Amino acid sequence: MYDMLTALINGALGWGWPEWALNLLSYILIVTIVLVVAPLQMLFFTYYERRVIARMQDRVGPNRVGPEGIWQPIADGVKMFTKEDIVPQAADRIVHFLAPCVVVAPTVLMFAVVPWGPGMVPVDLPTGLLFFFAISSISAVGLMMAGWASNNKFSLLGAMRAVAQMVSYEIPAVLSLIAIVIIVGSLSINEIIAYQAGLIISNRDLPGVPDLGLGWFVFTPVGFVAFVAFFIAALAEGERTPFDIPEADSEIVAGYMTEYSGMKFGLFYLAQYVLNFLLCAITAIIFFGGWQGPGVGWLYAQGITPANPNGNGLFNVLAGILGVFYFLLKTYIFFFVMVWLRGAFPRLRIDQLMDFGWKFLIPWTLANLFSAALWVAFTRWGPAEGMLITVGWSPVLRWLAAFVVTLAINLGVYLWLTRVYAASQAERRRAELEELSAAA
Amino acid sequence: MTASPFEIEIPRGRVIEVQRDDTRVRWGGGLLRGMAVVWKHWKESFKLNRSYSQIHGTFTIEYPEEQPRIPEAYRNMPILLYDDETGHELCTSCFQCERICPPQVIHMTQAKDPATGKPVPAVAEFIIEYDACMSCGFCAEVCPFDAIKMDHEFELSTDDHTRLTVHKEQLLRPISYYAKIAPTMWAEVRESALKKLQGNVRRRPDVIGLAPQLTEKIAARRAELAAQAVQAAQAAAAAPAAPAAAPAEGRKLTPEEKAAKLAAIRAAKTAQAGESATPAEAAPAPPSPAPAGEAAPSADKAAKLAAIRAANAAKKAAAGEAPATLPVAPADGMAGDTPADAPPAAPPADKAARLAAIRAANAAKKQQSGDGS
Ligand code: SF4
Ligand code: SF4
């Protein structure tokens, strides 16, 4: 944004503004765009989810407000705004009021590091990924505040569940991301996206691969395992259906949201859908190349970039449009998968959730971490690092060896873990039955 | 889907066994299988489906634009039926439905013959509280005359609660309407229902039992009745006075004669009871049985006519009205269509005569009860 503005105002228009004014203007613009886009995404997602889940259940879904019901979220928003705001008498009023803000704020902050297209990242932090996940954990505090301040048993139960779930699922999520970070060698989200240029294989691993923007991590064994584990963990963090235990409406009313009404409830809703959007977006960015796709890299190279200040601004716009298109397409597909999972699977029990997180996902992602290390060793290390096997191998051979070895490890670990996991579940069930029959 | 909407074919004998608690390791394949099922539903849901034996496709009927095809046996709220041609209601006020209705929302009063006060097989007012009816259909099931049936109309929402207390006029629908919404169900009961209706219509005097909103039908029926009465009167006038025959005492009385006599006697008694008020006028009343007795056996109507006269006289006397007049004169005036000099009536008029006798008896009875109180 800064580059484009500089080129436009000082270059094309020749006004010669000072740097600080340009910076200020560009950030004001960025913040405005983010604050407009985030709720719009949320509105769209509610509509999108309802239509998709309806189709999965052989229904039609909302189709009355506007063409095909596209204004339904707006109608819902108006309803939300006009509802009475109720605070329970026994509630802690201040905390009760603050909780929705604490939940919403981090989700909006997370937008700061999400790149929408080439050169279209609001803030290019060198530790973008870390920022993203550090900030996302703050909403757990907000949930606990909501549950506690409501002074309602269901709220408290929901908040407890939410926090337990978030804390335990952040570990596999982060472990699977570390595997990617090991391969890329950077925490910058832009770096991670840039790494995924190429065609099936990243052209950083294998120089000479044509850049079609398809060198996504998901095509490698390490990336695939990390993707699956991360996506499952993302479902748990976003409280999507197989893991929607914190707000299990059939058990604990609405969890921590029970005592909220009107726009405060709306804020929770907003936070949830924005978080879902962000989790889908980060999945798309880290494992599916974000805005990478055929043509974007080439278009961007023609445009105005720090490396190429004399490019054509039109190509920036084209690359941006195509990049945003790819990015949103991937994000929406992931959200579709989230809805699909919601349509397919029933809610887990809290102990099943914990078992699955701690006894399956974490070992699996740990093994994946080992694979990632091997991957780096095979593709990049030389005799200097002590990697003597690959001396004299061609890059293709090294890449192939890395692929086969990591695939073997990951698949073996997966098969072994499922066996062990199934056996442990069967054992637990048997023990439960025994206990039940002993009690009877 | 070319198949007609909402056809259901259920293949018999197909058992789907659901295996639970399957602990075989499937390496997550079960999850994928579940997702495949949902995917198929999603993919197929873009097709419209109107056959319930299919499990895929969208079944939704976009209601206000698209009306649902309602199955015949669908039941919403009860309605009453009337015959298209005659306008006669099928209901006979037998109270079966009122008795069986679980929430007790059916209320009715039976129609009474205004002349005799006797109940007739027809209903005067029939009310169903639609707001509390639970659409169980018991009333329709129990009705021996197939008079009450379950309607298919379901758009009953209203902001006026009292409109949900539905009276007979709003409940009545022609048989043709029911035959349209439930053709096979009506065909099953059609014959017996109409036969029973014929039987009941014969026992309904005047315009009782006609659907009240069919004003032209009622008017036509009234006109018909009036025409019949005029005809009867003319016939009576034309008939030659039957010669006085042998005294009645000598022969066995026909039931009609007996009734007439009874009426006359009662009238006389009444008159006597009223004597305290008008003793002089009551005196001529007792001889009135005599003309009845003198009636010719061939034309026993004469007896009845005489009875009427007697009864009328008695009534008048009891009422203490027109004390100076002869008992016979007011009787003539009352009978109206009966000429004063035609005590013996012709055979065609016998119904009218019988009616008159009954009326006379009633009047007498009423008077009596009035005195008693
Ligand atoms: S349908 Fe049932 S509840 Fe309704 S009037 Fe008939 S018997 Fe009563
Ligand atoms: S509707 Fe049927 S059951 Fe009810 S009173 Fe009339 S004839 Fe009897």
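With which residue does B:Glu65 form a salt bridge, and how far apart are the closest N and O atoms? The partner is A:Arg64, with the closest N and O atoms 3.0 Å apart; a salt bridge here is a side-chain nitrogen of Lys or Arg within 4 Å of a carboxyl oxygen of Asp or Glu. The count between chain B and chain A is two salt bridges. On the side of chain B that touches chain A, the residues comprise 11 nonpolar, eight polar and three charged (Ala, Val, Leu, Ile, Met, Phe, Trp, Tyr, Cys and Pro count as nonpolar, Asp, Glu, Lys and Arg as charged, and the others, Gly among them, as polar).

This is a predicted model, in which local features need pLDDT of at least 70 and side-chain atom pairs count only at pLDDT 80 or more, while totals for chains, interfaces and linings use all residues. Residues are numbered from 1 along each chain, chains are lettered from A and ligands numbered from 1 in the order in which they are written, and side-chain values use heavy atoms, without hydrogens and water.

The contact between the chains (heavy atoms within 4.5 Å) draws 22 residues from chain B and 21 residues from chain A.

Within chain A, A:Thr365 belongs to helix H14, residues 350–380 (a DSSP run of H or I, at least four residues, numbered from the N terminus). A:Thr365 counts as buried because its relative accessibility is 0%, the limit being under 20% relative accessible area with a 1.4 Å probe, protein chains only. Leaving aside residues up to four places away in sequence, A:Thr365 touches A:Pro172, A:Leu175, A:Ser176 and A:Ala229.

Conventions: Helix = DSSP H or I, 4+ residues; strand = E, 2+ residues; numbered from the N terminus. Buried < 20%, exposed > 50% of the residue type's maximum accessible area, 1.4 Å probe, protein only.
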